[in-house]
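Have the structure open beside you as you read.

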Amino acid sequence: MDNLDLIIDLHKGGHRQGPGGDDETRLAIALSGLKEKANLSIADIGCGTGASTLVLANELNARITAVDFLPDFLEPLSAMAREKGLADRITIQTASMDALTFQPALLDAIWSEGAIYNMGFENGIRAWREFLKPGGILAVSELSWLTGERPADLEAHWMAQYPEVATASSKMGQLEAAGYALLGYFPLPEHCWLDNYYDPMQARFDDFLARHDHSEDAKSIVAAEEKEIALYKRWSAYFGYGYYIARRIAD
Ligand code: SAH
């Protein structure tokens, strides 16, 4: 098994593959104004095993296309959708977020929690805009600085890992420059990282290591995750995920 397969194996057992929360998805839905509308077409991009997809399907009168490039994540989502009686509202699509095949101006909303960084925030918001109807909603969560200043070590770490990390006000400016009007912003609370993402992942480490005979590769993946968790616990006052809800303005 190569490294990517190991990472997939660790994460596919999780309810979510990044920080988030059902209440926070519902808050974003409330800010979007979609609740009052019917027959919506929505795409959930980089959906993973579909934590947000299931909330969207429960909360909205919508058909949702759940897109991810990893079939291993989409399979549990399919199973869960069937189990919850939501299969007729959720269509699974294996595709890359930088090569989406939706018709232009088809979608009422694009959702994407903890995933747009894979193509870069600026790239993503610009590339996805054409798939939204005028007035359509973009709701994305994205790594953001929570304060104007921060420790130099932390800044150096994230600038090396994800140079697009920026303050919320800067991300909002990027959205405005790309043809969106901002409807709302909130930072994800700490429990979205700790209780909903890191704690359940840590609880899977022992089984994961046993499944892979404590191989060096498996151990180094666990060590890298532990390092990320320690980094978050130390510096969570300064960085987190910002949830940005915006409306595509007419051309
Ligand atoms: N939205 C989910 C998953 C977040 S993790 C959640 O919040 O739990 C990021 C997701 O993006 C993963 O499922 C990963 O497979 C997916 N991803 C990464 N690069 C991608 C790409 N180029 N195209 C589509 N999905 C991608």
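Axes here are lines fitted to C-alpha atoms, for helices over the stretch in contact, and angles run from 0 to 180 degrees between N-to-C directions. Helices (H or I, at least four residues) are DSSP runs, numbered from the N terminus. Please keep in mind that this is a predicted model, where local features need pLDDT of at least 70, side-chain atom pairs count only at pLDDT 80 or more, and totals for chains, interfaces and linings use all residues. Residues are numbered from 1 along each chain as its sequence is written, and side-chain values use heavy atoms, with hydrogens and water left out.

Let's start with α1 and helix α4 (residues 71-83), whose axes cross at roughly 20 degrees and come within 10 Å. The two are therefore roughly parallel to each other (angles under 35 degrees count as roughly parallel, over 145 as roughly antiparallel, 65 to 115 as roughly perpendicular and the rest as oblique). On the α1 side, Ile 8, His 11 and Lys 12 make the contact, and they meet Asp 72, Phe 73 and Pro 76 of α4; contact means heavy atoms within 4.5 Å.

Helix α1 (residues 3-12) also packs with helix α8 (residues 190-211), at an angle of about 125 degrees and with the axes 9 Å apart. That makes α1 oblique to α8. Here α1 contributes Leu 6, Asp 9, Leu 10 and His 11, while α8 brings Tyr 197, Met 201, Arg 204, Phe 205, Phe 208 and Arg 211.

Now follow α8 to its other partner in this tour, helix α9 (residues 216-235): their axes come within 11 Å and cross at roughly 160 degrees. α8 and α9 are therefore roughly antiparallel to each other. Among the residues in this contact are Trp 193, Tyr 197 and Phe 205 of α8, and Ile 221, Val 222 and Tyr 232 of α9.

Finally, which residues are closest to the ligand? They are Gln 17, Gly 46, Asp 68, Met 97 and Glu 113, from a surrounding set of 17 residues (a residue counts if one of its heavy atoms lies within 4 Å). An oxygen atom of the ligand lies 2.8 Å from a backbone N or O atom of Gln 17. A polar backbone atom of Met 97 is 2.8 Å from a nitrogen atom of the ligand, and a polar backbone atom of Glu 113 is also 2.8 Å from a ligand nitrogen atom.

Notes: Polar contact = N/O pair within 3.5 Å; in protein donor to acceptor, adjacent residues only side chain to side chain.
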